[in-house]
Amino acid sequence: MKALLEAESVGHSYPGGQLGCEDVSFRLYPGEVLGVVGESGSGKSTLLGCLSGMLEPSNGIVRFDVGGQGLRDVFSLSEPERRLLMRTDWGIVRQNPRDGLRMNVSAGGNVGERLMAVGARNYGNIRNEALDWLTRVEIPSSRVDDLPRTFSGGMQQRVQIARILVSKPRLIFMDEPTGGLDVSVQARLLDLLRGLVRDLGVAAVVVTHDLAVVRLLSDRLMVMRQGRVVETGLTDQVLDDPQHPYSQLLVSSVLQA
Amino acid sequence: MTQKSLMLQVRNLRKTFTLHGRGGVQLPVFNDISFEVSAGECVALIGSSGSGKSTLLRSLYANYLPSAGEILVKHHGEWVDIASVEARTKLEIRRETIGYVSQFLRVIPRISSIDLISEVAISGGMSSEIAIEVSSALLRRLNLPEHLWNVPPATFSGGEQQRVNIAMGLVRPYPILLLDEPTASLDASNRESAIELILEAKSRGAAIIAICHDETARDRFADRLFDVSQFKAAA
């Protein structure tokens with residue numbers, strides 16, 4: 001099987017020399033879910049920025065299997081190519097739904113917009129597909145024409161997910177997908193994400209500080225500290241038999257619920 | 001079976017836990033374990049509590065990372081060292097070659113028992129209708145009351161959870177089965193159903209490695225015993 005996403009010695013330093021992340025390498029295959037954990041400042045969000053085309057790495061190469069045509073350096077794509085990639089093959093679930101949604105456009109419009117961006121023009125089809133996706137993420141059809149700002153945080157997050165999935169991406173990036181939500185809402189969102197990832201076979205990179213989230217969603221885990229990857233392995237192996245001192249500290253710091 | 005076909009070869013396996021938070025203290029579990037298991041054969045791991053039986057079983061499933069040695073698994077006709085192969089292949093081996101019945105149920109929360117079991121079957125390429133049918137038949141044989149099928153096992157009794165566990169491990173015809181106390185916390189009649197299922201798996205050619213303190217049950221399905229405590233590593 002061919003890799004979908006490949007990071008080769010990816011590193012990023014911010015102006016002033018502040019280290020974001022350093023020497024990160026991995027391969028992600030279709031349908032695989034990779035979790036990235038670490039404390040605040042460990043470089044996981046910087047890494048996600050580099051992987052998802054938003055932040056050009058200072059070192060290393062990020063490659064993606066663009067349109068199934070083989071791996072290409074994401075940062076050597078032309079601007080239109082990269083934007084198309086972000087609207088079709090990729091989806092980015094942001095921690096704050098306000099960053100991923102247009103708050104002055106209806107929920108249905110938010111979802112339909114992604115379809116129009118890839119060329120859909122028939123209003124009836126777009127609306128039906130938007131409705132279908134909003135139903136799948138459990139947004140009542142009576143709320144389709146409402147603005148996202150009238151929704152709860154959990155609902156906004158689900159609209160964001162529908163907006164992303166409608167274009168049938170092959171890879172989703174998630175940055176703290178359950179951050180800022182109540183525990184019960186988190187649980188439902190996680191169930192939903194897990195079901196969607198499994199049913200649609202999309203690959204995902206999930207960045208979080210919540211070990212329960214990766215235990216549930218990810219096949220593989222990468223533990224980061226001070227910008228570097230200190231341990232990788234199967235998620236259950238890293239959580240049940242962590243090798244690196246920092247992974248051990250991280251796992252032992254969690255209260256067993 | 002005319003010729004024994006090997007399914008699993010463990011070679012010079014060692015496991016030592018290093019606790020970095022405790023000043024790097026070393027907890028040796030076992031050292032230099034080697035054994036083999038063939039198709040249709042059941043090896044029971046024995047040894048006192050703390051001798052490392054569960055640690056060995058978890059290592060065979062790549063849940064624990066061995067400190068040294070090899071665990072060669074016959075996967076799609078090839079020998080693969082599950083201890084050192086890349087993560088993607090470990091997952092594939094778990095999906096297709098090795099089934100695991102754990103002592104403590106660790107499942108995805110909020111999912112009904114029947115869905116947990118049929119998901120395993122579906123992951124092996126079964127259609128969802130057939131998967132539900134097969135899972136139902138299995139739960140019926142294991143005597144799990146039908147009103148519990150659509151309930152997540154979190155609130156179940158130990159024996160009820162154990163039956164969900166067994167069903168999850170046996171719903172697919174894995175070539176290799178790891179069983180950690182499959183009959184513990186089951187009453188006599190349920191234990192009998194579990195034993196029958198294990199014997200059926202064996203006769204279809206599964207290579208089985210089991211931990212089972214219940215000697216009566218163990219004698220029914222184990223062909224030989226393997227004493228883990230003799231490999232106790234020196235501290």
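Some housekeeping before that. Residues are numbered from 1 along each chain as its sequence is written, and chains are lettered from A and ligands numbered from 1 in the order in which they are written. Because the model is predicted, local features need pLDDT of at least 70 and side-chain atom pairs count only at pLDDT 80 or more, while totals for chains, interfaces and linings use all residues; side-chain values use heavy atoms, with hydrogens and water left out.

I start with the core. The largest nonpolar core has 39 residues. By nonpolar core I mean a set of buried Ala, Val, Leu, Ile, Met, Phe, Trp, Tyr and Cys residues joined through side-chain atoms within 4.5 Å. Buried is under 20% relative accessible area, exposed is over 50%, and partly exposed is in between, with a 1.4 Å probe and protein chains only. L177(B), I208(B) and F221(B) have the most contacts inside this core. In chain B, at least two residues each come from the strands β3 (42–46), β7 (176–180) and β8 (207–211). The helices α3 (113–123), α4 (128–141), α5 (158–170), α6 (188–203) and α7 (215–221) each supply at least two as well. Helices (H or I, at least four residues) and strands (E, at least two) are DSSP runs, numbered from the N terminus.

What does L177(B) touch? Leaving out residues up to four places away in sequence, its partners include G99(B), G169(B), L170(B), A201(B), I208(B) and I209(B). Contact here means heavy atoms within 4.5 Å.

A salt bridge is a side-chain nitrogen of Lys or Arg within 4 Å of a carboxyl oxygen of Asp or Glu. One pair to look at is R194(A) with E119(B), whose side chains meet in a salt bridge at 2.7 Å, N to O.

Over all chains, the structure holds 31 salt bridges. In chain A, R102(A) pairs with E113(A), the closest N and O atoms being 2.5 Å apart. R102(A) is in the loop between α3 (97–100) and α4 (107–117) of chain A, while E113(A) is in helix α4, eleven residues apart. R102(A) is partly exposed at 42% relative accessibility, and E113(A) is partly exposed at 22%.

Also in chain A, R215(A) and D240(A) meet at 3.0 Å, N to O. R215(A) lies in helix α8 (residues 211–217) and D240(A) in helix α9 (residues 235–240), so this pair ties together parts 25 residues apart in sequence.

In chain B, the side chains of E200(B) and R141(B) form a salt bridge at 2.8 Å, N to O. E200(B) is in helix α6 and R141(B) in helix α4, so the parts tied together are 59 residues apart in sequence. Both are partly exposed: E200(B) at 39% and R141(B) at 36%. Back in chain A, a network of salt bridges links E6(A), E8(A), R27(A) and R63(A).

Now some single residues. V33(A) lies in strand β3 (residues 33–37) of chain A. Is V33(A) buried or exposed? It counts as buried, because its relative accessibility is 4%. V33(A) and A204(A) are 171 residues apart in sequence, yet 4.6 Å apart in space, C-alpha to C-alpha. Among the residues V33(A) touches, beyond four places away in sequence, are V197(A), A204(A), V206(A) and L217(A).

D32(B) lies in strand β2 of chain B and is partly exposed at 42% relative accessibility. H76(B) lies in the loop between β4 (68–75) and β5 (78–81) and is exposed, with a relative accessible area of 55%.
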